[in-house]
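Hello,

Here is the structure I promised to hand over. My notes follow below it.

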Amino acid sequence: MSYLDTLNFNADGLIPAIAQDRDTGRILMMAWQNREALAMTAQTGQAVYFSRSRGKLWHKGETSGHTQIVHEIRTDCDRDVIVLIITQIGGIACHTGRTSCFFEKLDTDSLDWVAVDKVIKDPSEIYGDTATTHAPHTLIKPDNGKVIGELDRILDERKTANKDSSYVSSLYHKGLNKILEKVGEETTEAIISAKELQLVRATGDNDEHAKADVVYEVADMWFHSLVALHQLGLSGDDVLTELARRFGLSGIDEKNARTTKG
């Protein structure tokens, strides 16, 4: 029997994993692992988690460079929690740029959460355009009707940003061919994730992770398509205008009209 078989994963096949600093004993973060993530952690000596939002494995530090060297892997008496004894590269475990994700303390007088740990490094310096500084587990609900307009504004701003600190600016600097290459890559990944979702549903397995993966990959495809539009002096609003024009127009008629023009 494998050591993995003796653990009590939850109904989604996950187990909570706590990262603890080897030298200080401080709790740095909590994430989730599935069997594959835990096995890879044991094999590589670096922390690998499972992202529930993206539905895929997440090698800690793959974006930030703040990897975690794993010295010990422990479990509790019920074998339903994992503790990773680690060395945190860069001294930053939290996406807010702090040492620990547990940086808020309850003020017993005001009964409010107060941040008590300083930011070591600004998240924008770590993650560039994708940085978020909100507290962990805080869901930011976008106004979907304004998302494209806000993206148009940001993508325009990035044309004058430093290419060394902005991912979008670096794409603009590399030119249209590189941007279109990214559009192609993301489109391929979206297609693959859609086929994987179809396969999961055909087998009758839980499809929540596969659905999340499709949404994530399509979002990447849309985003890079918007970057391409802006490189060409167009915008997402131009596409919305064209889609609005098609309301009330038969799809067959619209297609025939394009064929006639050709």
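Which charged end sits over the ring of F103? That of R98, 4.0 Å from the ring centre. K159 has its charged end over the ring of Y172, 6.0 Å from the centre. For this label, NZ of Lys or CZ of Arg must be within 6 Å of the ring centre and within 35 degrees of the ring normal.

Two ground rules. This is a predicted model, so local features need pLDDT of at least 70 and side-chain atom pairs count only at pLDDT 80 or more, while totals for chains, interfaces and linings use all residues. Residues are numbered from 1 along each chain as its sequence is written, and side-chain values use heavy atoms, with hydrogens and water left out.

Aromatic pair

A search of the whole structure gives one aromatic pair. Y49 and W58 form it, with 5.2 Å between centres and 40° between planes, which is tilted. The rule takes rings of Phe, Tyr and Trp (its six-membered ring) with centres within 6.5 Å; planes under 30 degrees apart are stacked, over 60 edge-to-face, and the rest tilted. Y49 is buried at 0% relative accessible area. W58 is partly exposed at 26%. Buried means under 20%, exposed over 50%, and partly exposed in between (1.4 Å probe, protein chains only).

Cysteines

The disulfide count is zero. The sulfur of C94 has that of C101 as its nearest cysteine sulfur, 3.8 Å away. That is too far for a bond, because a disulfide needs two cysteine sulfur atoms within 2.5 Å. C94 is buried at 1% relative accessibility, and C101 is partly exposed at 22%.

Cores

The largest nonpolar core holds 18 residues. L7, Y49, I82, L84 and I86 have the most contacts inside it. At least two core residues come from each of β1 (15–21), β2 (27–33), α1 (35–44) and β6 (82–88). A second, separate core has nine residues, including L155, L171, V183 and V227. A core here is a set of buried Ala, Val, Leu, Ile, Met, Phe, Trp, Tyr and Cys residues joined through side-chain atoms within 4.5 Å. Helices (H or I, at least four residues) and strands (E, at least two) are DSSP runs, numbered from the N terminus.

Beyond four places in sequence, L84 is in contact with residues including I18, T41, Y49 and V70. Contact means heavy atoms within 4.5 Å.

Helix α1 has A37, L38, A39 and T41 as its buried residues. They pack against β2, β3 (48–51), β4 (56–59), β5 (68–75) and β6. Just after α1, G45 has a positive phi of about 75°.

K60 lies in the loop between β4 and β5. K60 is buried, at 6% relative accessibility. Leaving out residues up to four places away, K60 touches M29, A47, Y49, H66, T67, Q68, Q88 and A93. A polar atom of the K60 side chain is 2.6 Å from the backbone oxygen of A93. The C-alpha atoms of K60 and F50, ten residues apart along the chain, are 9.7 Å from each other.

D213 is in helix α6 (residues 208–231). D213 is buried too, at 11% relative accessible area. Apart from neighbours within four places, D213 is in contact with R54, K56, S193 and E196.

Best regards

How values were computed:
A polar contact is a pair of N or O atoms within 3.5 Å; within protein, one must be able to donate a hydrogen and the other to accept it, and residues adjacent in sequence count only if both atoms are side-chain atoms.
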